[in-house]
Amino acid sequence: MTFKVLISDPLSEDGIQPLREADNIQVDVDTGLSADELMDKIGDYDALLVRSQTKVTRDIISKASKLQIIGRAGVGVDNIDLSAATERGIIVVNAPDGNTNSAAEHTIAMLTSLARKIPQAYHALKNGKWDRKTYVGVELKGKTLGVIGMGRIGAEVAARAKGQRMSVIAYDPFLTKDRADKLGIDYGSVEDVIEAADFITVHTPLIKDTKHLINKDAFAKMKDGVRIVNCARGGIIDEDALYEAIKSGKVAGAALDVFEEEPATDHRLLELPEVIATPHLGASTIEAQESVAIDVSHDVVRYLTDGVAKNPVNLPAVPKEVMNKIEPYFYLSEKMGTFLTYLTNGVIEEINISYSGDLTELEVAPLTRNTIKGLLKRHLGDHVNDVNASYLAEKRGIQVNENKSSTTKGFTNLLTVEVKTKNVTRSVSGTLLNGLGPRLVRVDTYSVDVVPEGDLVVIKHNDQPGVIGKVGNMFAERGINIAAMQVGRSDVGGEAIMILTIDKFLEEEEIAALQAMEEVEKLTAMQL
């Protein structure tokens, strides 16, 4: 099978070489497309590669009938509607490591240029003015740099700032005291950082919680004469508030590589002599542009060929060694989910997934998603996949609980899935048997041994002599071969279940004939 990949933003030829070298991939480069033109074309493609120019909107995604993956040659995915992609089961990948060094270097360059007023002095000199008094700067040594966001880039900036003999105080929701101590920096809340810093640089993603994180109230808490750097995302800093803070003298200067709306050629901040700016150049080095394109191209090839992505944005990455261990359980977990959808009447309100034995030592999140996929897929079809299963469950108000237990019930590994509706709870347990593969070993309270595949019939009946014979005769009369049978019971003469693997799916008339037997309480025919 040949996959078609559209590249709609300029990428280096070296960067897309992994795509061109893949035998099963056709690459089309068509840059500068309008939104309408992209909507007309996107339905033919399995993958889309972009940088920051192309806006992958919900409308475009709605036309992407074949699209499996969107690759962003860079870190930020602000130009991609992640919710729309996730709803459609389209995985989004980026290149989080490729431009780390370039972005950190650019931040330090902007920091130094801001402190020493280098762009302003150069501009004056170009205009014939030898002016040494106006452009007196400040040293970085001995100053405090406040870093908001200590991810890859923030940590690199902090390390470089320490090389300039600056003190560093940082905030990040995942920054612990131990890590701060190892980095040789102080840490605190956002308020702690902005109150202590002489220079402030932001390195967070642009999300709801960080939109206008640096606003009028934040500026009021800062030192007089503070300097601001933003080489991360436009919108983290309230630009109107920054303008007023500079005009009032509260902020001595700002260095901006990004703006809320780009291009920003006529922005009023650019009219202020205290502001220096670049046109979103943080990742604009030859090395970074090649690196991010290579990384995302490899990920697209990997996903289209093997179904595994290294850097998914809307699906957590799983190390290869972990994936190798849990992959054998994928088939079992999905089939268990599908099995329960047949057994369960009513709206599922809660899903409880329990892992026991060897499984407790593994990263099981992919198995949880796969189980949810099995539970939803029967009703929602192929629209459900590993990317959007959890999202679709959440949107439907289904509570999903995952836990690990030491109780194995005699098995080396055991996966148990329980679903609850308003009126009933149903469960199934499964395992992998050495040399025999996946097995269902318990249905509700009944012990069984069933291969989860093919056409199955689950019959709940009274535990009386002759029931199995009656069922067997009825199948024989209709020419239906029974490949396997399992019977489980709660106690002698009580309730029991019979699970049969047959050679064809039962017709309505055949189901009605079985249900008419007085010993049969309920019959469920299913296809796994």
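Modeller: Two residues are in contact when heavy atoms of each lie within 4.5 Å. Ser297, for example, touches Gly15, Ile16, Pro18, Leu19 and Leu49, with residues up to four places away in sequence not counted. This is a predicted model, in which local features need pLDDT of at least 70 and side-chain atom pairs pLDDT 80 or more, while totals for chains, interfaces and linings use all residues. Residues are numbered from 1 along each chain as its sequence is written, and side-chain values use heavy atoms, without hydrogens or water.

Biologist: Where is Ser297, and is it buried or exposed?

Modeller: Burial is read from relative accessible area: under 20% is buried, over 50% exposed, and anything in between partly exposed, with a 1.4 Å probe and protein chains only. Ser297 has a relative accessible area of 0%, so it is buried. Its place is in helix H12, residues 286-306. Helices (H or I, at least four residues) and strands (E, at least two) are DSSP runs, numbered from the N terminus.

Biologist: How many helices and strands does the chain have?

Modeller: The chain has 18 helices and 22 strands. Its radius of gyration is 30 Å, well over the 24 Å that the globule rule gives for 528 residues, so the chain is more spread out than a compact globule. That radius is taken over C-alpha atoms, and the rule is 2.2 Å times the number of residues to the power 0.38. Along the principal axes, the C-alpha atoms fill a box of roughly 105 × 50 × 40 Å.

Biologist: What share of the residues is buried?

Modeller: Buried residues make up 50% of the 528. Among contacts in the chain with a separation of 6 or more, 65% join residues 24 or more positions apart.

Biologist: Which residues of the largest nonpolar core touch the most other members?

Modeller: In soluble globular proteins, nonpolar side chains tend to be buried together. A nonpolar core here is a set of buried Ala, Val, Leu, Ile, Met, Phe, Trp, Tyr and Cys residues joined through side-chain atoms within 4.5 Å. The largest one has 43 residues, and Phe339, Ile351, Leu367, Val417, Val428, Val443 and Met526 touch the most other members. Helix H14 (residues 330-343) gives the largest share of this core, seven residues. A second, separate core has 30 residues, including Val190, Met222, Val226 and Ile236.

Biologist: What does Val443 touch?

Modeller: Leaving out residues up to four places away in sequence, Val443 touches Phe339, Leu343, Ser427, Val428, Val448, Ile497 and Ile499.

Biologist: Where is the kink in H15 centred?

Modeller: The bend at a residue is the angle between axes fitted to the seven residues ending there and the seven starting there. In H15 a kink of about 30 degrees is centred on Gly374. The helix covers residues 365-380, 16 residues, and reaches 21 Å from its first C-alpha to its last, close to the 22 Å expected at 1.5 Å a residue. That expected span is 1.5 Å times one less than the number of residues. Gly374 is among the buried residues of H15, as are Leu367 and Arg369. Just after H15, Gly381 takes a positive phi of about 75 degrees.

Biologist: Which residue other than glycine has a phi near 65 degrees?

Modeller: That residue is Arg165, in the loop between helix H7 (152-163) and strand E7 (167-171). Arg165 counts as exposed, at 58% relative accessibility. His212 also has a positive phi, near 55 degrees. His212 sits in the loop between strand E9 (199-202) and helix H10 (216-221) and counts as partly exposed at 25% relative accessibility.

Biologist: Which peptide bond is cis?

Modeller: The bond from Glu262 to Pro263 is cis, with omega near -5 degrees. Pro263 lies in the loop between strand E11 (251-256) and strand E12 (275-277).

Biologist: How many residues apart in sequence are Ile69 and Val92?

Modeller: Ile69 and Val92 are 23 residues apart in sequence and 5.7 Å apart in space, C-alpha to C-alpha. Ile69 belongs to strand E4 (residues 69-72) and is buried, at 0% relative accessibility. The residues that Ile69 touches include Ile90, Ile91 and Val93, as well as Asp299 and Val300.

Biologist: What separates the C-alpha atoms of Leu514 and Ala159?

Modeller: They are separated by 73 Å, and by 355 residues along the chain. Leu514 is in helix H18 (residues 508-515) and counts as buried at 2% relative accessibility. Beyond its neighbours within four places in sequence, Leu514 is in contact with Val471, Met474, Phe475, Leu506, Val520 and Leu523.
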